[in-house]
Amino acid sequence: MNRHKAREKAFQVLFQLDINETELEDVMETLKEKERNDVFLRSLVEGVIQHKIVIDGKISAHLEKWTIDRIASVERTILRMAILEIMYIDDIPQNVSINEAIELAHTFGDEQSGKFVNGVLSKIIA
């Protein structure tokens, strides 16, 4: 699976975890075996879970007139993934992480999601 598809699947897993009280392995079981075993997908999901407090702090520090709890789950999940890549995965250029996050926002969010995600991420890397 290419990284773009892995990001989409990781987004879906993390989104489900964000809106439902469920266990990671229960959500992972809904994926095909090939997807469950994808190293990049697993690193995104497990990385966001492991570093969630630090990532959420980074997001909160760069929000204006918003709290992280007010951000829609779609945008919050996408921001968490992108920030994980930026902060913890060295072999992905920042601009790739940002572009992929904007693409996910266009796919899964509303018409303003891409602009919002881009704005927050731009402040974080500045």
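Me: Which residue does the side chain of Arg-80 meet in a salt bridge at 2.7 Å, N to O?
Reply: This is a predicted model, so we're reading a computed distance here. A salt bridge needs a Lys or Arg side-chain nitrogen within 4 Å of an Asp or Glu carboxyl oxygen. At 2.7 Å, N to O, the partner of Arg-80 is Asp-56.

Me: How many residues apart in sequence are the parts that Arg-80 and Asp-56 tie together?
Reply: Look at where the two sit: Arg-80 is in helix α5 (residues 73-88), and Asp-56 is in helix α4 (residues 39-61). Both residues are buried. Since they lie in those two helices, the pair ties together parts whose separation in sequence is 24 residues.

Me: Is Asp-18 buried or partly exposed?
Reply: Asp-18 also pairs with Arg-80, in a salt bridge of 3.2 Å, N to O. Asp-18 lies in helix α1 and Arg-80 in helix α5, so this pair ties together parts 62 residues apart in sequence. Arg-80 has 7% relative accessibility and counts as buried. Buried means under 20%, and Asp-18, at 23%, counts as partly exposed.

Me: Which residues are linked with Asp-18 in a network of salt bridges?
Reply: Start with Arg-80, whose side chain meets Asp-18. The side chain of Arg-80 also meets Asp-56. Arg-76 belongs to the network too, so by the salt-bridge rule the residues linked with Asp-18 are Asp-56, Arg-76 and Arg-80.

Me: Which helix holds the residue that Glu-100 meets in a salt bridge?
Reply: The side chain of Glu-100 meets Arg-7 at 3.8 Å, N to O. Glu-100 lies in helix α6 (residues 94-108), and the pair ties together parts 93 residues apart in sequence. Both count as buried, Glu-100 at 17% relative accessibility and Arg-7 at 4%. The helix that holds Arg-7 is α1 (residues 3-19).

Me: Are α1 and α5 oblique or roughly parallel to each other?
Reply: Two packed helices are described by the angle between their axes and the distance between the axes. The axes of α1 and α5 come within 9 Å and cross at roughly 125°, and the crossing is right-handed. Among the residues that meet are Leu-14 and Phe-15 in α1, with Thr-77 and Met-81 among those in α5. Given that angle, α1 and α5 are oblique.

Me: Where is Glu-85, and is it buried or exposed?
Reply: Glu-85 has its place in helix α5. Leaving aside neighbours within four places in sequence, Glu-85 is in contact with Arg-7, Phe-40, Leu-44, Ile-92 and Ser-97. At 2% relative accessibility, Glu-85 counts as buried.

Me: What separates the C-alpha atoms of Phe-108 and Phe-11?
Reply: Phe-108 lies in helix α6 and, at 27% relative accessibility, counts as partly exposed. Setting aside neighbours within four places in sequence, Phe-108 is in contact with Glu-8, Phe-11, Gln-12 and Val-74. Phe-108 and Phe-11 are 97 residues apart along the chain, and their C-alpha atoms are separated by 9.2 Å.

Me: What percentage of the chain is helix over residues 4-125?
Reply: An unreviewed UniProt entry annotates that stretch as "domain: NusB/RsmB/TIM44". Its end C-alpha atoms are 21 Å apart. The stretch is 0% strand, and the helix share is 75%.

How values were computed: Residues numbered from 1 in each chain as written. Predicted model: local features only at pLDDT ≥ 70, side-chain atom pairs only at ≥ 80, totals over all residues. Heavy atoms only, no water. Helix = DSSP H or I, 4+ residues; strand = E, 2+ residues; numbered from the N terminus. Buried < 20%, exposed > 50% of the residue type's maximum accessible area, 1.4 Å probe, protein only. UniProt positions renumbered as here; feature names shortened; annotations may be inferred. Contact = heavy atoms within 4.5 Å. Axes fitted to C-alpha atoms, helices over the stretch in contact; angles between N-to-C directions. Parallel < 35°, antiparallel > 145°, perpendicular 65-115°, else oblique. Left-handed = near helix turned anticlockwise from the far one by under 90°.
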